[in-house]
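Please look at the ligand shell and the pockets in the entry below. My notes follow as numbered points.

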Amino acid sequence: MNPVEKAARDSNVEKCVQCGKCTAGCPSGRQSRLRTRTLVQMAYQGQDVTGLPELWDCTTCYNCAERCPKGVNTVDAIILLRNLAVQKGNFPRIHLSAIENLYNTGNGFPLSPEVAQIRAIIGLKKEPYDVSTAPEELEKVKKILDITGFLELVRGGTT
Amino acid sequence: MKLSLFPGCIAKNMYASIEKSTRFVFDKLGVELVDHRYTCCPAPGVFRGYDIDTWLALGGRNLAEAEKDGLNVLTICNGCYGSLHGSNHILQENPEKREEINEVLEQVGKRYNGGVEVLHFADVLSTMHETILEQKELDLGLRLAVHYGCHYLRPSEHHESLNVENPHIVEDILELVGCEPVDFKNKLSCCGAGGGVWSGDEEVALSVLEEKLAFMSEGNPDAILNICPFCHLQFDQGQKKLQKFNIPVLHLNQVLGMAFGERPKKLAIHTHLVSTREIEKKVKGLKKKG
Ligand code: SF4
Ligand code: SF4
């Protein structure tokens, strides 16, 4: 079983009857190349879909999974396929800054000096009480990310 | 009641007005909010999409912080709710996975035993109607287009108490403070920002948003009402990017804050991109009860 077939099986993809309800209710598909039904079919056939850019156009709204009459976990499938794409180094680099932010501050969106100012003016702690202001805890977060190999994973690859 | 506040990156670092309003409102309601050293939830679209195990490990670390103090977690963002509720579900239901994640957490002296409940603030508010009425000082009289947002409603199997086909829990709260919900087509649809699309494919994110805004604007609401800072950001920044529409955007806690008598300026709703002046004017002109 190749990894795509495994991801497909873990998400019940074999139960799909190709009714197309997922595609019909997909808000992203109306604006992008994402075709959920086709993606499910290709994954079921074990085709390597990890290189398809539209894999990253799913907003994870769960409309498809809710509407599927057969209980296919379409969103789980898409997330698993994204994980595989990342392992192959085949993913949009545009998210790397959010990932670096996570590693360096613990937050996907870090605090800007402007918002720090607003926080102080409206009576919030200027520096939020989180890991970004607690060096010892931040080190632990970095260690967790080092153990799971997250940075190595996203810094690898070629595309 | 005492809960651990999980403010989330956006309310904390971008729309501080939402964090401010949350603290004001829950203080009025007599709920004590405790702070913990949290990280990003981490975001379910980007980070889970990159590596499920990393997402679970950081989610588990966050949950472990609250568990140490025996507290449940209060989220004020659908993304945080979806992410933490989702990782909690896996860590509670799947002991093998939990042990695997705990092997990582134990290397930094932490452990999660599955003892925390992740709450969405709208669900908590829905149990406090009487206290909300007691604290209300103003009937705001605002006409609001309610946006629920995907990760509050779905996956529905994770949210059994909710009528996901036709939810009215937010409308019920708004009616307590004299606001009128304005219906629109495809009300429960996506704002277009989730799944990493907001940062990954702006064109798609904005087209989904534009369709939604067109339906919302038909009813001519005073503002768009949301229960998620990420949807909030998408509506507020998105209208500027589209250079179209001009509908103020309000998080439910901002509305309650004003209804509980706090001045809009003190809640800093004027720090939004889409002007909130009309809202501020309207609220200023109202008479407090008593
Ligand atoms: S809705 Fe379900 S059964 Fe129908 S095509 Fe999509 S995945 Fe297959
Ligand atoms: S979860 Fe993704 S694939 Fe499914 S309907 Fe929403 S955007 Fe489309």
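1. In chain A, helix 4 (63–67) and helix 5 (74–87) each give at least two residues to the shell around ligand 2. Helices here are DSSP runs (H or I, at least four residues), numbered from the N terminus. The model is predicted: local features need pLDDT of at least 70 and side-chain atom pairs pLDDT 80 or more, while totals for chains, interfaces and linings use all residues. Residues are numbered from 1 along each chain as its sequence is written, chains are lettered from A and ligands numbered from 1 in the order written, and side-chain values use heavy atoms, without hydrogens and water.

2. Ligand 2 is surrounded by 14 residues, the closest being A:Cys26, A:Cys58, A:Cys61, A:Tyr62 and A:Cys64. Nine of the shell residues are nonpolar, five are polar and none is charged. Nonpolar means Ala, Val, Leu, Ile, Met, Phe, Trp, Tyr, Cys and Pro; charged means Asp, Glu, Lys and Arg; the others, Gly among them, are polar.

3. The largest pocket holds about 1,100 Å³. Among its 42 lining residues, A:Asp76, B:Arg48, B:Ile52, B:Trp55 and B:Ile90 are the closest to the centre. A pocket is an open set of points on a 1 Å grid over the protein atoms alone, where a 1.4 Å probe fits, with protein on both sides within 12 Å along at least five of seven lines; lining residues have an atom within 4 Å of a point. The volume is the space filled by probe spheres set on the points, which are joined across faces, edges and corners.

4. This lining comprises 18 nonpolar, 14 polar and ten charged residues.

Terms used. Near = heavy atom within 4 Å.
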